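Reader: I am new to reading protein models. Can you take me through one, step by step?

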Amino acid sequence: MTSARRKSYGVKGAPYAFLIPATILFALFFALPIGYAVWLSFRKVHVSGLGLGKGARSEVWAGLENYTDAFTDSELIHGALRVLGYGCIVVPVMLGLALLFALMLDSDKVRFTPFTRLAIFLPYAIPGVVAAMLWGFLYLPDVSPFYYVLEKLGLPQPDLLDGGPLYLALSNIAVWGGTGFNMIVIYTSLRSIPAEVYEAAKLDGATPTQIALRIKIPMVAPSLVLTFFFSIIATLQVYNEPTTLKPLTNSVSTTWSPLMKVYRDAFGTNDIYAAAAQAVIIALATLLLSFGFLRAANRRQKQEAAR
């Protein structure tokens, strides 16, 4: 009886034993850094006298001072507004193209579907920094083949790295790199729809456009919610594209986006306490927006199901 109990306990405890390595890695490389950042956000450096000599600079409790300074920091606020404008371009365009490509690939009339699917997805496999560098050189008038063609045709040559067009230039990089991933998610959801649903709609006289609008899109709504969720997170955390394009133009400052501001304060001005508070604010804003959207989407789905 005792042996049987031990064997039963060993079988029940096996899953927890397999979870130990993942739990340790999660604690060391995710939970612990987050906790340390939160701790730093409530601290600051107190300077005594001229700040010279041993003990002249000490770390003290700051309370909510770093958070108050972050909410009144004009550079952080302007960076958030720039990211908001950037997101208003990227998210609808990227998801719209992803949905359009997924619907086209799901059509029976499209040929070379595997090759087309791979061609659309391939930009996502290119690292963000490499993609930003490639597009950055294509935006430079001196080396871009596009500007050469425009010049030969006598057409205007806009500077995409200055002023308002800079938003379009940055958004283009994000859309080019992220559309393929979202398309795969939506396309996979489309392929899971039973063929009988389409056959019944065709028997009722529905056109391909009506099938797409009234059957396919509503049935892949959960995938659209998921891709929108991922897109919001990626937009709020934009960093690679503006940082990579910064050496190519004076229009991108070191605080163009909130994450760039965090990096500048932490490693440029060596104010890790203010940077930690800003990072915590960005993380909380991302969580609130993301889960707020998910809750609203789930509530709407329940209302539609109740009808």
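Author: Start with contact: two residues touch when heavy atoms lie within 4.5 Å. Keep in mind that this is a predicted model.

Reader: Which residues does Val238 touch, leaving out those up to four places away in sequence?

Author: Val238 touches Val83, Tyr86, Ser257 and Leu259. Val238 sits in the loop between α10 (221–236) and α11 (240–245).

Reader: Is Val238 buried or exposed?

Author: Buried means under 20% relative accessible area. Val238 has 3% relative accessibility, so it counts as buried.

Reader: What about nonpolar side chains in general?

Author: In soluble globular proteins, they tend to be buried together.

Reader: Which residues touch the most other members of the largest nonpolar core here?

Author: Tyr86 and Trp256 do, in a core of 20 residues. Two or more residues come from each of α3 (74–105), α5 (128–139) and α7 (165–191). The largest share, 6 residues, comes from α7. There is also a second, separate core of 17 residues, which includes Leu99, Ala102, Ile120 and Ile186.

Reader: What does Tyr86 touch beyond four places in sequence?

Author: Its contacts include Tyr167, Leu170, Ser171 and Ala174. Val238 and Trp256 are also among them.

Reader: Where does α7 bend?

Author: At Gly178, by about 35°.

Conventions. Residues numbered from 1 in each chain as written. Predicted model: local features only at pLDDT ≥ 70, side-chain atom pairs only at ≥ 80, totals over all residues. Heavy atoms only, no water. Core = buried A, V, L, I, M, F, W, Y, C linked by side-chain atoms within 4.5 Å. Buried < 20%, exposed > 50% of the residue type's maximum accessible area, 1.4 Å probe, protein only. Helix = DSSP H or I, 4+ residues; strand = E, 2+ residues; numbered from the N terminus. Bend = angle between axes of the 7 residues up to and from the residue.
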